[in-house]
Amino acid sequence: MTILVTGATGNIGRRVVDRLVAAGATDVRALTTNPAKAALPDEVEVVRGYVGKPETVPPALEGVERMYLAPVVETVHEVMELAVTAGVQHVVDLAGGGWWQPIEDAVEDSGLAWTHLQPGEFTDNVLIWAEQIRTTGTVRDAYPDAANAPIAMDDIADVAARVLLEDGHAGQAYELTGPETLSRAGKVRAIGAGLGREIPYIEVSREEAIEQLTPVMGDYAAWYVDLQADIAAEPPQQPTPTVERLVGRPAASVEEWAARHRAEFT
């Protein structure tokens, strides 16, 4: 069974490739814009291309039975038409409503078997505070009560690989979260617990929060801070047991994740 991973050097796609290889998959194909730089495992067939440029995708689709679809809204309909033509049987997409809803719609409209992976915010996003923690030992941030149940990218990749390798997941939409709902101030406390020290959270204005994040997020800083304001106004996202049910172990907590990534905060 040939499995194609698109976006194979992206944050999730690269991890999916590694999980498939570790699980013993012997016919994994990776689509990437820079095969030389990708440094993918030797046993993986690497094809140059990008789902954002559909004209580059057909060579990667030849003989593919299952595909992990990286999220590119602008070209998803064209890519799905190519997948249908190539005879792909099952598509596992990374989406989750909102801005990403067109991806789920296009995948379902294709008529192929599908599985939607619907993660919330990535636990890995707490790295936006890493420079503050390294240099000041504190976090200056806005909207401390904005809460969700963040999930580690490693856990998303574990689920994706399992779904690609197993039968029985067609027609399922899996909401993926971490094991607990935490406010932004609570995430900082959890990071401190993972690092073995207290990290004070200092609430600041929207404007100062944007200023703090601009060096690491650029033009997205204002959008991200305003998103936290919207989240703070909504009921908190609740955790789901989906990761544990699918991979047989609980999703990583923020504290566990921080302990594994200690070097990035120190």
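The accessible surface of the chain comes to about 12,100 Å², and 49% of that surface belongs to carbon and sulfur atoms. Such areas come from the Shrake-Rupley method with a 1.4 Å probe; for residues, only the protein chains shown count as cover. The model is predicted: local features need pLDDT of at least 70, and side-chain atom pairs count only at pLDDT 80 or more, while totals for chains, interfaces and linings use all residues. Residues are numbered from 1 along each chain as its sequence is written, and side-chain values use heavy atoms, with hydrogens and water left out.

Start with the overall form. The C-alpha atoms fill a box of roughly 55 × 35 × 30 Å, taken along the principal axes.

The chain holds 12 helices and 11 strands. These are DSSP runs numbered from the N terminus: helices are H or I with at least four residues, strands E with at least two. Of the 266 residues, 50% are buried. Buried means under 20% relative accessible area, exposed over 50%, and partly exposed in between (1.4 Å probe, protein chains only). Take the contacts between residues at least 6 apart in sequence: 71% join residues at least 24 apart. A contact means heavy atoms within 4.5 Å.

Now look at helix H1, residues 13–22. Its buried residues are Gly13, Val16, Val17, Leu20 and Val21. They fall within an arc of 130° seen down the axis, so they line one face of H1. The arc is that of the directions from the helix axis to the C-beta atoms. An α-helix has 3.6 residues a turn, so residues three or four places apart point the same way. The cover over the buried residues of H1 includes strand S1 (3–5), strand S2 (28–32), S4 and helix H7 (153–165). Just after H1, Gly24 takes a positive phi of about 95°.

Helix H4, residues 76–86, comes next. Here Val76, Val79, Met80 and Ala83 are buried. Their arc is only 100° around the axis, which puts them on the same side of H4. They pack against helix H3 (58–61), strand S4 (66–69), strand S5 (90–94) and helix H5 (101–109). Exposed Glu81 and Thr85 sit on the face turned away from the buried side of H4. Just after H4, Gly87 has a positive phi of about 90°.
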